Amino acid sequence: MSGIGPLEPGEDTHAWDGRPPKAPRPAGRTRTTLAAWYRRHRRITFALLAAAVLLTGGGYLHATRPQRPPERPERPRAEVPYPVQVADVTYLDGRTTPADAPPRSFSFAVLLSVTSGPPVTVTRVTQPYAGLSLTTEPQVPFQTKAGSAHKITITMHVTKCGKAPRNAALPFLDVTLRNARAMQVQSFILGPRYAQDLSRSLEVACSNRLR
């Protein structure tokens, strides 16, 4: 039998659906699109490239920087000694009583020495007996540097013989000392020779038994 039906497409042919075939995209269009995108984002691209260069360079410099030697711990500063640790008072001898001293007065000399540390200042010198008063030459306050000594003349005045010791066994002086660290009061026992001289001077001063 023979008949007329729809035509079959031949080999290497396609059926035509009535729409024109798509034209191939020109090769230059892709390059134009990339160029336009580059122009729009040029600043961002440069910024990203610069950041990458800085990060790379910074990492290199950090890795190749010279290593600092470890810091040595600071040595603690020598502590300033207390004034009583570096000062000493010793008895020298009896002295001639100054002509302008009041009656029933007598004088003697001591030596203040400072071994180390900052200068030591003597701010006060006193004695424990109620019947006596004293003055010093030089007058307080005065300062003595480390490695040196200061001669002090002490003049005592008997104010009340009844309250003055006739036989002082262990007489001492109270000396107030001050340096950069502290202020302290130290009692210095001046020894048997000072005790004998003090007792003798008190006996002479109160020989008239005036009270």
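# Close-up views of the structure

**Cysteine 161 counts as buried, with a relative accessibility of 2%** (buried means under 20% relative accessible area, exposed over 50% and partly exposed in between, for a 1.4 Å probe and protein chains only). The model is predicted, so local features need pLDDT of at least 70 and side-chain atom pairs count only at pLDDT 80 or more, while totals for chains, interfaces and linings use all residues. Residues are numbered from 1 along each chain as its sequence is written, and side-chain values use heavy atoms, with hydrogens and water left out. The partner of cysteine 161 in a disulfide is cysteine 206, with an S to S distance of 2.0 Å (a disulfide is a pair of cysteine sulfur atoms within 2.5 Å). Cysteine 161 sits in the loop between S6 and strand S7 (172-178), whereas cysteine 206 sits in the segment after helix H4 (192-205), so the bond ties together parts that are 45 residues apart in sequence. Cysteine 206 also counts as buried, at 2% relative accessibility. The disulfide is left-handed because the torsion about the S-S bond of cysteine 161 and cysteine 206 is about -90°. A search of the whole structure finds one disulfide.

**The elements of the chain follow the pattern α-α-α-β-β-β-β-β-β-β-β-α when read along the sequence.** The protein has four helices and eight strands (DSSP runs numbered from the N terminus, H or I with at least four residues for helices and E with at least two for strands). It has 211 residues, of which 25% count as buried. Among the contacts with a separation of 6 or more, 66% come from residues 24 or more positions apart (contact means heavy atoms within 4.5 Å).

**The largest pocket has a volume of about 210 Å³.** Its lining has 14 residues, and those closest to the pocket centre are Pro98, Asp100, Ala101, Thr135 and Thr155. Strand S4 (132-137) and strand S6 (148-158) each supply at least two residues of this lining. The most comes from S4, which gives five residues. Pockets and cavities are found on a 1 Å grid over the protein atoms alone: a cavity is a set of points where a 1.4 Å probe fits but cannot get out, a pocket is an open set with protein on both sides within 12 Å along at least five of seven lines, and lining residues have an atom within 4 Å of a point. Points are joined across faces, edges and corners, and a volume is the space filled by probe spheres set on the points.

**The largest cavity holds about 40 Å³ of space.** The count comes to one cavity of 30 Å³ or more. The residues that line the largest cavity are Val89, Val110, Leu112, Val122, Val125, Ile152, Ile154, Leu173 and Val175. Strand S2 (105-114), strand S3 (120-126), S6 and S7 each supply at least two residues of this lining.

**Glutamine 186 is placed in strand S8, which covers residues 183-189.** Glutamine 186 counts as partly exposed, with 28% relative accessibility. Apart from neighbours within four places in sequence, glutamine 186 is in contact with Val84, Leu173, Asp174 and Val175. From glutamine 186 to aspartate 174 the C-alpha to C-alpha distance is 5.7 Å, and the two are twelve residues apart in sequence.

**Arginine 181 and glutamate 79 meet through their side chains in a salt bridge (3.1 Å, N to O).** Arginine 181 belongs to the loop between S7 and S8, and glutamate 79 to the loop between helix H2 (42-64) and helix H3 (83-86), so this pair ties together parts that are 102 residues apart in sequence. With a relative accessible area of 32%, arginine 181 is partly exposed; glutamate 79 counts as exposed, at 64% relative accessibility. The structure holds three salt bridges (a side-chain nitrogen of Lys or Arg within 4 Å of a carboxyl oxygen of Asp or Glu).

**Arginine 95 and aspartate 93 form a salt bridge between their side chains (3.8 Å, N to O).** Arginine 95 is partly exposed, its relative accessible area being 36%. Aspartate 93 is likewise partly exposed, at 32%.

**Arginine 200 is joined to aspartate 197 by a salt bridge, with the closest N and O atoms 3.0 Å apart.** Both residues lie in helix H4, where they are three residues apart and thus separated by about one helical turn.
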